[in-house]
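Good morning. I have one structure to go through today, and I will keep it plain. Please have a look at it first.

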Amino acid sequence: MADQTNHNQAGEVAPSTVDKQAPTVAEDNAPSTNEPVATSLPTANTPDPKAANPKTNPNAAKPAAAPPKDKPAAAKKEKAPTVEDKPFVEFIEQEYLPAVQKAIAQQGVPDLQLSFAKQKFPLAGFDSAEECWQIIGKWQDNLRQFNLYFPDEDIQGKKGFSCNEGKKPSTLESFLIDERKITLDLLVFGLVQRLNGQKWLGRN
């Protein structure tokens with residue numbers, strides 16, 4: 001059997017065909033360095049799962065809190081109720097009658113008698129009219145008398161006035177009809193002015 005080993009001119013043994021092909025076959029089958037290879041080593045682009053988990057890392061950055069919602073505007077403070085806000089009858093009995101008694105006494109009428117009642121109009125021609133809340137004032141042994149009427153049972157509503165000296169009144173006047181808002185002081189002042197215009201107060 002002939003020796004298949006090739007010898008070159010220098011007497012060195014030449015590599016066989018299989019030996020020449022071995023590196024090429026190995027290179028062809030070697031993994032490419034351009035393809036990604038799975039590894040357990042962390043990379044710069046991969047976050048540490050423990051560092052990103054706030055449960056395992058208390059120093060982990062917390063998500064930004066939502067901006068606070070606008071607080072609702074503070075409710076406007078309600079005004080304290082005034083004496084004029086009282087129920088009609090309560091206002092007349094507790095506020096108006098004492099104020100009228102004092103104001104007319106200061107005008108030189110010490111014997112004024114005031115009453116408040118719901119009754120018929122004491123005027124001629126009003127016999128068929130319904131009963132109406134009235135303030136009745138008398139002095140000088142009932143010689144002088146005035147009536148202040150509240151048909152609406154409301155100090156802001158319609159008001160009337162009548163007066164007489166010893167006989168039944170025949171005229172019903174409007175009272176404080178030009179005022180937009182009626183107050184306790186205005187009701188007292190209006191009555192004093194009307195009686196003073198009648199020359200019933202002071203030295204009259």
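This is a predicted model: local features need pLDDT of at least 70, side-chain atom pairs count only at pLDDT 80 or more; totals for chains, interfaces and linings use all residues.

Now the overall picture. The protein chain has four helices and five strands. If you read along the sequence, the order is α-α-α-β-β-β-β-β-α. The chain has 204 residues, and 25% of them count as buried. Its accessible surface comes to about 15,700 Å², with 51% of that belonging to carbon and sulfur atoms. As for contacts, take those between residues at least 6 apart in sequence: 43% of them join residues at least 24 apart.

Next, the pair of helices. These are α3, residues 88–105, and α4, residues 184–197. Their axes come within 10 Å and cross at roughly 40°. An angle between 35 and 65 degrees is called oblique, and α3 and α4 are therefore oblique to each other. The crossing of α3 past α4 is right-handed.

Which residues of α3 and α4 make the contact? On the α3 side they are F91, E95, Y96, A99, V100, A103 and I104. On the α4 side they are L184, L187, V188, L191, V192 and L195. Sorted by class, this contact has twelve nonpolar residues, one charged residue and no polar ones.

Staying in this area, we come to V83. V83 is in the loop between α2, residues 49–52, and α3. Leaving out residues up to four places away in sequence, V83 touches F91, E95 and L184. F91 and E95 belong to α3 and L184 to α4, and they are among the residues I listed for the helix contact. V83 and T183 are 100 residues apart along the chain, yet their C-alpha atoms are separated by 8.6 Å.

Now the loop between β2 and β3. β2 is residues 132–139 and β3 is residues 144–150. Two residues of this loop are on my list, Q140 and N142. Q140 is partly exposed, with a relative accessible area of 35%. Q140 and L112 are 28 residues apart in sequence, and 7.9 Å apart in space from C-alpha to C-alpha. N142 is also partly exposed, at 43%.

K199 is another residue other than glycine with a positive phi, near 65°. K199 lies in the segment after α4. At 55% relative accessibility K199 counts as exposed, because the cut-off for exposed is over 50%.

G157 is buried, with a relative accessible area of 19%; the limit is under 20%. The C-alpha atoms of G157 and K181 are separated by 9.8 Å, and these residues are 24 apart along the chain.

How values were computed: Residues are numbered from 1 along each chain as its sequence is written. Side-chain values use heavy atoms; hydrogens and water are left out. Axes are lines fitted to C-alpha atoms, for helices over the stretch in contact, and angles run from 0 to 180 degrees between N-to-C directions. Angles under 35 degrees count as roughly parallel, over 145 as roughly antiparallel, 65 to 115 as roughly perpendicular and the rest as oblique. A crossing is left-handed if the near helix is turned anticlockwise from the far one by less than a right angle, and right-handed if clockwise. Contact means heavy atoms within 4.5 Å. Ala, Val, Leu, Ile, Met, Phe, Trp, Tyr, Cys and Pro count as nonpolar, Asp, Glu, Lys and Arg as charged, and the others, Gly among them, as polar. Buried means under 20% relative accessible area, exposed over 50%, partly exposed in between (1.4 Å probe, protein chains only). Accessible areas come from the Shrake-Rupley method with a 1.4 Å probe; for residues, only the protein chains shown count as cover.
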